Amino acid sequence: MSAGESAESSANPPVRRLSAWDADELARLAAEHETPLYVMDLGRVRENCRRLRDAFPDADVRYAAKAHTGRAVLETVHGEGLGIECASAGEVERAFAAGASGEDVQYTAVNPPDRDLDVVVERWHDAPDLTVTVGARDTIDRLRDRGFDGRLCVRVNPGVGAGHHEKVTTGGHAKFGVPYADAESVVRDARDDFDVVGIHAHAGSGISGDDLSAHREVVRRMGDLARALSDLRLEFVDVGGGFGVPYREDEPPLDLGTVAEATRDALGDVDAQLAIEPGRYVVADAGVLLTTVNTVKESDEYETVVGIDAGMTTLLRPAMYDAYHAIRNLSVNDDETEIDVTVAGPICETSDVLCEHRPLARPSRGDVLAVGNAGAYGYEMASTYNSRPRPAEVVLEPAPRLARRRETLAALTELER
Ligand code: LLP
């Protein structure tokens, strides 16, 4: 690595570990806004956008909004010049509300409910530059029925997938995209009624450096397809998102330069712009979750259980994917003795544990814990199961601002009649 590169990476490091967050500031925020509380650092979101754009200078970089749809995040990402990839009508509405224009918005329809198509087609009348990505002939027919003849992209099932867990490996799963063997004819048939602008594939989510061969294979297949369709003069080949981040403290960050090079190599010569749509990479290490210890239960028979006020309803990833998130006790000095703990939430379900048998600086009741890499698929997957209101969220701009207030108990029953 040259001196210039190392200076640049220290200004915008490829990973922000939990230990790099200012413990005093986080503790102050927890005291002011109470817990559970998500904290999103918009400066770090900006850095992540810039690192992606620097690594893929010729590509169209689109943020997969599903990782975090908060308005402040969408505005920040949009301000950095990224497009916004949306998974639903709700995300499309959020993208426009955050200042995006039609050309910035890609709506990826997966078995879309009628209501979603109605909203998006309505939007398209005012914003004819938005793009709809379809993964089934049915969706194409349903768009045609609604009078849509705008920008269309065809999602292809590349037949190969990767990801941090089988539940997030999309490529090769029948649910997503038109089968590779049918892709060319689906694209050609759609040409008569739509402005076919691109092809799309997504291998999966949380792809690590070790999965690069799967990524290469997906991109290679998309390159081949693009060449087979070269007479159509496609605008872009979107190879999806999935860029992994290191959740464990000793895991190295993805080398974006290597990924970018592998992507360009595998794509080969195509007369269309490369597009990528990372979600996690943009927001994961820009967010932490703060939670307070309310119970410390020691016994001779079992490990020590540390009860906290955040649960699987606040951060679902550990329960759903056995995901690892680093945890730091903000209320003690770093030299405090570590003990083995199981950290568990308030939900009446065994899966509601953040970690098991993990060394943690000895916690006491009232201590505030920070949970790392909570910016992606954190608040976004929060629910009100067990009638637990969703948490509040503060953004650092860099001054802290309450971006989402805590849901109230009254709000839980508002829809009932
Ligand atoms: N593009 C498409 C079409 C996608 O389906 C996804 C993610 C992305 C882009 C962005 O993937 P990313 O860069 O964020 O890996 N809740 C799970 C992740 C589900 C991802 C679903 N699709 C988790 O917490 O790990």
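**Exercise 1.** Is Tyr-38, with 1% relative accessibility, buried or exposed?

Solution. Tyr-38 counts as buried, because its relative accessibility is 1%; buried means under 20% relative accessible area, exposed over 50% and partly exposed in between, with a 1.4 Å probe and protein chains only. The model is predicted, so local features need pLDDT of at least 70 and side-chain atom pairs pLDDT 80 or more, while totals for chains, interfaces and linings use all residues. Residues are numbered from 1 along each chain as its sequence is written, and side-chain values use heavy atoms, without hydrogens and water.

**Exercise 2.** Determine how many aromatic pairs there are, and classify the pair of Tyr-38 and Tyr-379.

Solution. Step 1: apply the rule that rings of Phe, Tyr and Trp (its six-membered ring) pair if their centres lie within 6.5 Å, with planes under 30 degrees apart stacked, over 60 edge-to-face and the rest tilted. The count is four aromatic pairs.
Step 1: for Tyr-38 and Tyr-379 the ring centres are 6.0 Å apart and the planes stand at 70°, so this pair is edge-to-face.
Step 2: Tyr-38 belongs to strand E1 (residues 37-41), and Tyr-379 to the loop between strand E16 (368-371) and strand E17 (392-396); helices (H or I, at least four residues) and strands (E, at least two) are DSSP runs numbered from the N terminus. The two tyrosines are 341 residues apart, and their pair links distant parts of the chain.
Step 3: check Tyr-379, which is buried at a relative accessible area of 9%.

**Exercise 3.** Classify the pair of Trp-124 and Phe-148, and state what the pair ties together.

Solution. Step 1: the centres are 4.7 Å apart and the planes make 55°, which is a tilted pair.
Step 1: Trp-124 is in helix H6 (residues 114-126) and Phe-148 in the loop between helix H7 (137-145) and strand E6 (151-157), so the pair ties together parts 24 residues apart in sequence.
Step 2: Trp-124 is buried, at a relative accessible area of 9%; Phe-148 is buried as well, at 2%.
Step 3: Ring pairs join Trp-124, Phe-148 and Phe-194 in a cluster.

**Exercise 4.** Which ring does the charged end of Arg-16 sit over, and which residue's face does Arg-358 lie over?

Solution. A charge sits over a ring if NZ of Lys or CZ of Arg is within 6 Å of the ring centre and within 35 degrees of the ring normal. For Arg-16 the ring is that of Trp-21, with the charged end 4.0 Å from its centre. For Arg-358 the residue is Tyr-324, at 3.9 Å from the ring centre.

**Exercise 5.** Describe which residues of helix H10 are buried and what they pack against.

Solution. Step 1: the buried residues of H10 are Leu-256, Val-259, Ala-260, Ala-262, Thr-263, Ala-266 and Leu-267.
Step 1: viewed down the axis, the buried residues fall within an arc of 165°, so they line one face of H10; the arc is that of the directions from the helix axis to the C-beta atoms.
Step 2: Glu-261 and Asp-265 are exposed on the other side of H10.
Step 3: the packing partners of the buried residues are helix H3 (42-55), helix H9 (212-228), strand E9 (236-238), strand E10 (273-276) and helix H11 (280-283), where contact means heavy atoms within 4.5 Å.
Step 4: after H10 comes Gly-268, whose phi is positive, near 70°.

**Exercise 6.** Locate Thr-313 and list its contacts.

Solution. Thr-313 is in the loop between strand E12 (304-308) and helix H12 (317-321). Thr-313 is buried, with a relative accessible area of 3%. Leaving out residues up to four places away in sequence, Thr-313 touches Ile-347, Ala-382, Ser-383, Tyr-385 and Arg-388.
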